[in-house]
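Visitor: Hi! Could you walk me through this structure, one piece at a time?
Guide: Happy to. Here it is.

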Amino acid sequence: MATIEHCLICFEALDAALSKTKAMSLDEVRASWAVYKSSTASPAAFSPKVPALQRLVAGAADSDSASASSSSSLSLDASTPATSASPATVHAAPLFVTWNTVLDADEVALRGCIGTFESQPLAEGLPEYALISALQDSRFSPVTARELPALQVAVTLLTDFEEAADARDWDVGTHGLRLSFRDKGRRYGATYLPDIAAEQGWTKDETLLSLVRKAGWTGSRARWPELELSVTRYQGKKRSLNYGEYKKWKDWVAKQA
């Protein structure tokens, strides 16, 4: 399962890229977050507990000042992993990073989402796809530093890949779908993460039709049930974090320098 540290490293990677500073590593984020959560530690309590962080917070203080202004795409050639790992011990996994613009307390708008079905070492894969989804999603212009305060990041680590017996062999709210099919000599493919159908209130047929359209198929609505859909179902729990929460932690890190 994705963790808060996975979300923090995504914001850290994007913040550093936009401010042209050095980002903390996932291990550094984990160490810092553990101390931060243990007590909202004072500077005096911080240094003895995690002395290794003294080296990184000096750089973090400089980079933080630059950040003070305050559905998904798919690589179809990626291979689907045959096995899944325990969320408690996972160090590599297929993953998706989603950026949303927070409109109000209960509503967000998609700002970018890209991931891969090929297992990635999380220490490298999360920062990489955080930047790809924020800056290279062709549906949107690249995220700017000015937008950071309004952003939310969501990380989904994918597990339990299974070939579905048929196009409806999956459960709304439990499974994500990786769909592929051919029509008139052209290959189509698209995916929805596990939370999409439930968030939209879709039935299975509504989800499948939307996914067929997302894949780029423009045939008659009445004809889509005739398509020979190949569906791989998978699971994955999303973890999300708003920029304000990231900034509060990052300000705390800077004060430890």
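Guide: Let's start with charged side chains: E162, D169 and R233 are joined in a network of salt bridges. A salt bridge here is a side-chain nitrogen of Lys or Arg within 4 Å of a carboxyl oxygen of Asp or Glu.

Visitor: Before we go on, what kind of model is this?
Guide: This is a predicted model, where local features need pLDDT of at least 70, side-chain atom pairs count only at pLDDT 80 or more, and totals for chains, interfaces and linings use all residues. Residues are numbered from 1 along each chain as its sequence is written, and side-chain values use heavy atoms, with hydrogens and water left out.

Visitor: What's the mean pLDDT of the protein?
Guide: The mean is 85, and 80% of the residues reach 70 or more. pLDDT is the predictor's confidence in each residue, from 0 to 100.

Visitor: And where does pLDDT stay under 50?
Guide: One such stretch is residues 41-70, with 48 contacts beyond four places in sequence in the model. Residues 73-87 also have pLDDT below 50, and that stretch has 35 contacts beyond near neighbours in sequence. Contact means heavy atoms within 4.5 Å. Where pLDDT is low, the predicted coordinates should not be read in detail.

Visitor: Is R233 buried or exposed?
Guide: R233 counts as buried, at 17% relative accessibility. Buried means under 20% relative accessible area, exposed over 50%, and partly exposed in between (1.4 Å probe, protein chains only). E162 is partly exposed at 33%, and D169 is partly exposed at 25%.

Visitor: How many salt bridges turn up in the whole structure?
Guide: A search finds eleven. One of them pairs D205 with R168, at 2.7 Å from N to O. D205 sits in helix 7 (residues 204-214) and R168 in the loop between strand 5 and strand 6 (176-183), 37 residues apart. D205 is partly exposed at 35% relative accessibility, and R168 is partly exposed at 40%.

Visitor: While we're at helix 7, which of its residues are buried?
Guide: They are T207, L208, L209, L211 and V212. These buried residues pack against strand 6, strand 7 (186-192) and helix 6 (196-200).

Visitor: What follows helix 7?
Guide: G216 does, with a positive phi near 105 degrees.

Visitor: New topic! At what angle do helix 1 and helix 8 pack?
Guide: Helix 1 (residues 4-19) and helix 8 (residues 243-255) pack at about 80 degrees, with axes 10 Å apart. Axes are lines fitted to C-alpha atoms, for helices over the stretch in contact, and angles run from 0 to 180 degrees between N-to-C directions. The two helices are therefore roughly perpendicular; that word covers 65 to 115 degrees, while under 35 is roughly parallel, over 145 roughly antiparallel and the rest oblique.

Visitor: Which residues make that contact?
Guide: L8, F11, E12 and D15 from helix 1, and Y243, Y246, W249 and K250 from helix 8.

Visitor: You mentioned E12. Is E12 buried or exposed?
Guide: E12 is buried, with a relative accessible area of 1%. Leaving aside neighbours within four places in sequence, E12 is in contact with K22, A23, M24, Y246, W249 and K250.

Visitor: And where is M24?
Guide: M24 lies in the loop between helix 1 and helix 2 (26-39), and M24 counts as buried at 6% relative accessibility.

Visitor: Last one: what does E5 touch?
Guide: Beyond neighbours within four places in sequence, E5 is in contact with L26, V29, R30 and W33. E5 is found in helix 1 and is buried, with a relative accessible area of 18%.

Conventions
Helix = DSSP H or I, 4+ residues; strand = E, 2+ residues; numbered from the N terminus.
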